[in-house]
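Visitor: I have this protein open on my screen and would like to know how it packs together. Please walk me through it.

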Amino acid sequence: MSRVRTLQALFKRYRRPGDIVFACVMLAVSVFLLSQLVEQTTWRASAKLPAQPRFWPAVSLIGMTMFAALHLLGSFLSERIEGRWREVRVWFASFEYAGWFVLYALAVPYGGYLPTTLLFALLLVLRAGYRSRRILIWTALCAVGIVLVFKTFLQVKLPAGAVYEGLPDGLRLIMLNYF
């Protein structure tokens with residue numbers, strides 16, 4: 001069994017890029033949540049301490065704030081590594097796909113479920129870097145399959161597309177009901 005010779009060796013941290021940014025964000029979030037505790041929870045005069053509605057959230061938020069502060073302190077005291085902002089950009093890149101979903105949800109009532117699903121599936125595949133004809137055809141088939149499963153077979157109620165209003169009556173009825 002090896003012995004640790006110094007306290008610093010015992011608590012040696014292996015930092016990752018973006019660690020200090022993560023520590024700052026976690027401390028800010030935990031301090032904000034702790035500041036909302038009195039406003040968001042109640043205190044009952046007749047209940048014992050562990051049965052108080054505010055007690056366990058307070059314990060968890062105090063612990064969260066304390067550990068976030070220790071994490072931030074450890075990040076400041078550790079050696080700096082390159083690549084912090086490159087890592088943060090990777091984190092924010094995930095928000096792009098949330099934006100795609102919001103645009104898709106906003107476009108469905110106007111473009112209809114089938115055309116919008118087909119368009120966004122192809123755009124996302126192109127955005128991911130796939131360019132081959134075979135991949136694009138499979139993507140289009142999968143998009144049509146998704147529409148058939150959800151709208152036709154499962155009868156999920158989705159908003160009808162405004163674009164369907166310009167179709168002839170028979171075709172419009174089929175598109176509204178099944179696509």
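Predicted model: local features only at pLDDT ≥ 70, side-chain atom pairs only at ≥ 80, totals over all residues.

Visitor: Which helix gives the most to the lining of the second largest pocket?
Guide: Residues are numbered from 1 along each chain as its sequence is written, and side-chain values use heavy atoms, leaving out hydrogens and water. Helix 5 (84–111), helix 6 (113–127) and helix 7 (133–153) each supply at least two lining residues (helices are DSSP runs of H or I, at least four residues, numbered from the N terminus). The top contributor, with five residues, is helix 6.

Visitor: What is the volume of the second largest pocket?
Guide: A pocket is an open set of points on a 1 Å grid where a 1.4 Å probe fits, with protein on both sides within 12 Å along at least five of seven lines; lining residues have an atom within 4 Å of a point. Of 13 lining residues, those closest to the centre are Tyr104, Thr117, Phe120, Ala121 and Leu124. Probe spheres set on the points fill the volume, and for this pocket that is about 260 Å³.

Visitor: How many residues of that lining are nonpolar?
Guide: Asp, Glu, Lys and Arg count as charged, Ala, Val, Leu, Ile, Met, Phe, Trp, Tyr, Cys and Pro as nonpolar, and the others as polar. The lining has no charged residues and two polar ones, and its nonpolar residues number 11.

Visitor: How do helix 2 and helix 4 run relative to each other?
Guide: Helix 2 (residues 19–35) and helix 4 (residues 55–77) pack at about 155 degrees, with axes 8 Å apart. Angles over 145 degrees count as roughly antiparallel, under 35 as roughly parallel, 65 to 115 as roughly perpendicular and the rest as oblique. Helix 2 and helix 4 are therefore roughly antiparallel.

Visitor: How many charged residues are in the contact of helix 2 with helix 4?
Guide: Contact means heavy atoms within 4.5 Å, and the residues involved include Asp19, Phe22 and Leu33 of helix 2 and Thr65, His71 and Phe76 of helix 4. Alongside 17 nonpolar and four polar residues, the charged count is one.

Visitor: Which residues of helix 5 touch helix 2?
Guide: The axes of helix 2 and helix 5 come within 8 Å and cross at roughly 60 degrees, so the two are oblique to each other. Helix 2 brings Ile20, Val21 and Phe22, and helix 5 answers with Arg84, Trp85, Val88 and Trp91.

Methods
Axes fitted to C-alpha atoms, helices over the stretch in contact; angles between N-to-C directions.
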